[in-house]
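Try each task with the model open, then compare your steps with the worked solution.

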Amino acid sequence: MKNTGKVIAVCRSDKKGTSKDVVPSGQFQEGFGMVSDAHADFNTHRQVSLLANESIDKMRKLGLELGPGAFAENLTTEGIDLVSIPAGTKVKVGKEVVLEISQIGKECHVGCAIFQKVGKCVMPKEGVFGKVIKGGTITTGDKISVIKKPAGDL
């Protein structure tokens, strides 16, 4: 498992259920998520979503023209093996933000445009979600790395 990588895009949207727009950076608030993003919420364990560019590449190989944010992820990463990171693991993003991985995968929402086009989607198995443990700014190009695995998973 590769424990380090980089953020190749920071993405946000005003509405749930839509792709996100790439922005240069985002402010992430402890216990809330990405400020001004539709998915941010104090009452959820899925405050931030992450997806590896390598996962998006799988869908591109099916003939889809997709970029960062197409799967409504907040952070598009490269190099780090996101799907191998167990829930409970803490990852550091940039100089200050700490996320705790809370869920790997999710059910595609009804009407997922990508699933309707090609009959499959990477989010159910490769989308990763986390809670903001320590807030701060994340900028495109920032490093992402595993800093603490859950107890018993050494």
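**Exercise 1. Find which residue of strand 6 stands opposite Val7, and trace the partners of strand 6.**

Solution. Val7 has Thr77 of strand 6 across from it. Before going on, note that this is a predicted model, in which local features need pLDDT of at least 70, side-chain atom pairs count only at pLDDT 80 or more, and totals for chains, interfaces and linings use all residues. Residues are numbered from 1 along each chain as its sequence is written, and side-chain values use heavy atoms, with hydrogens and water left out.

Step 1: strand 1 (residues 4-12) pairs with strand 6 (residues 75-78) in the antiparallel sense, over four bridges. Strands here are DSSP runs of E with at least two residues, helices are runs of H or I with at least four, and both are numbered from the N terminus; two strands pair if DSSP finds at least two bridges between them.

Step 2: strand 5 (residues 48-52) runs parallel to strand 6, and three bridges join them. Leu50 stands opposite Leu75 in this pairing.

Step 3: between strands 5 and 6 the chain passes through helix 1 (residues 53-60), a right-handed β-α-β crossover. Right-handed means that, with the strands pointing away from the viewer, the path from the first strand over the helix to the second runs clockwise.

**Exercise 2. Is Asn53 buried or exposed, and what does Asn53 touch?**

Step 1: Asn53 counts as buried because its relative accessibility is 10%; buried means under 20% relative accessible area, exposed over 50%, partly exposed in between (1.4 Å probe, protein chains only).

Step 2: leaving out residues up to four places away in sequence, Asn53 touches Ile8, Arg60, Thr76, Thr77 and Glu78, where contact means heavy atoms within 4.5 Å.

**Exercise 3. Which residues have the most contacts inside the largest nonpolar core?**

Solution. Step 1: a nonpolar core is a set of buried Ala, Val, Leu, Ile, Met, Phe, Trp, Tyr and Cys residues joined through side-chain atoms within 4.5 Å. The largest has 22 residues, with Phe28, Leu75 and Leu99 making the most contacts inside it.

Step 1: a second, separate core has six residues, including Leu51, Ile56, Leu64 and Leu66.
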